Amino acid sequence: MTAETITAEASGTVRLGDLPVHRIGFGAMRLTGSAAFHLGTPRSRECSLSVLRRAVELGVNHIDTAAFYFSATRSANELINTALAPYADDLVIATKVGPFRDYHGEWGTSARPDQLRGHVEENLRQLGRDHLDLVYLRRMRQDSVAEHFGALAELRTAGLVRHLGISGVEPRHLTEALEIAPVVSVQNRYALDRPEPVDDEMLRLCGELGIAFVPFYAVAGAAGAHAAADTHDEEVRAIARAHGATPAQIRIAWTLHQGPHVLAIPGTGNPGHLTENVAAGALRLKADEMARLDVLHAGVRTGAS
């Protein structure tokens, strides 16, 4: 499953609004270090640039990033701009706004609605774009997203943003947003070993409504923003052995098997892991394998062993 002849095209295609992308994309969070933000060991700049260029060579045409993806020495947006500009016509770059980190890397108060234009313009500047393909409003504990999403809808009307998404939400937030403007994708935390009823429901609801569902931390699972430990349930390891794959590839494949509207955006700064992640899009799990993994997913939630 690491054959370099396998490209992201093997994962299939889904549309983010009117923008077709392969279902295997690339998350930029770990370009800056071995873990997100300031939590890991800094990456080699040249290595990060080469990973981005190689991702595109392997057919990746969907990159997920944010202005707050930076460490003391690296900025994901700047790396993307340096490695890939001028951008290919079919490359879709998604970013998100709402959270804020100051120049010391400390998390600040999330943006007010009137501050979101500044967040969008910062992403535009860093990426060297005159518009953003897709912008997610990342909900930061606010009960209602209507005012914030409305502010982004105005920027969409102004031409700064092409499509809108929402992140970290519940069904009621999606209902709110859809009353204001089209939502092309939802980005929630979702992983084989970290089930949450709300996120399961969001995945199902997006499928019904024809909205893309883009899980984050699908490979990292419980590790989240920290460097993912190489620990996997024995069921995952057994299925991986049967396919000559890695456990991480099985996790990605399971994610994509949740529905044709589901995308994956595994992130890495390691060229070998990049190739493995892209190749995972060609994995086809058998019905009994999916059933075993689904039991594992449900069992974690109920506390079963």
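**Rings, a charge and the core**

Mentor: In this predicted model, the charged end of Arg101 sits over the ring of Trp107, 5.5 Å from its centre.

Trainee: What makes the charged end of Arg101 count as sitting over the ring of Trp107?

Mentor: The distance is 5.5 Å, and the cut-off is within 6 Å of the ring centre, with CZ of Arg also within 35 degrees of the ring normal. The pair is listed as meeting the description. The charged end of Arg101 also sits over the ring of Phe70, 4.1 Å from its centre, again within 6 Å. Trp107 is also part of an aromatic cluster with Phe68 and Tyr69.

Trainee: Why is the aromatic pair of Tyr190 and Trp254 called stacked?

Mentor: The angle between the planes is 5°, and planes under 30 degrees apart count as stacked. The centres are 5.8 Å apart, within the 6.5 Å needed for a pair, so Tyr190 and Trp254 form a stacked pair. The whole structure holds 5 aromatic pairs.

Trainee: How do you know that the pair links distant parts of the chain?

Mentor: Tyr190 lies in the loop between strand E8 (185-187) and helix H6 (197-209), while Trp254 is in helix H8 (residues 247-256). They are 64 residues apart. Both are buried, that is, under 20% relative accessible area.

Trainee: Which residues touch the most other members of the largest nonpolar core?

Mentor: Ile80 and Val186 do, in a core of 79 residues. Beyond its neighbours within four places in sequence, Val186 is in contact with residues including Tyr136, Ile166, Met202 and Phe213. A second, separate core has 13 residues, among them Val14 and Leu263.

Key
Residues numbered from 1 in each chain as written. Predicted model: local features only at pLDDT ≥ 70, side-chain atom pairs only at ≥ 80, totals over all residues. Heavy atoms only, no water. Core = buried A, V, L, I, M, F, W, Y, C linked by side-chain atoms within 4.5 Å. Buried < 20%, exposed > 50% of the residue type's maximum accessible area, 1.4 Å probe, protein only. Contact = heavy atoms within 4.5 Å. Phe/Tyr/Trp six-rings, centres within 6.5 Å; stacked < 30°, edge-to-face > 60°. Helix = DSSP H or I, 4+ residues; strand = E, 2+ residues; numbered from the N terminus.
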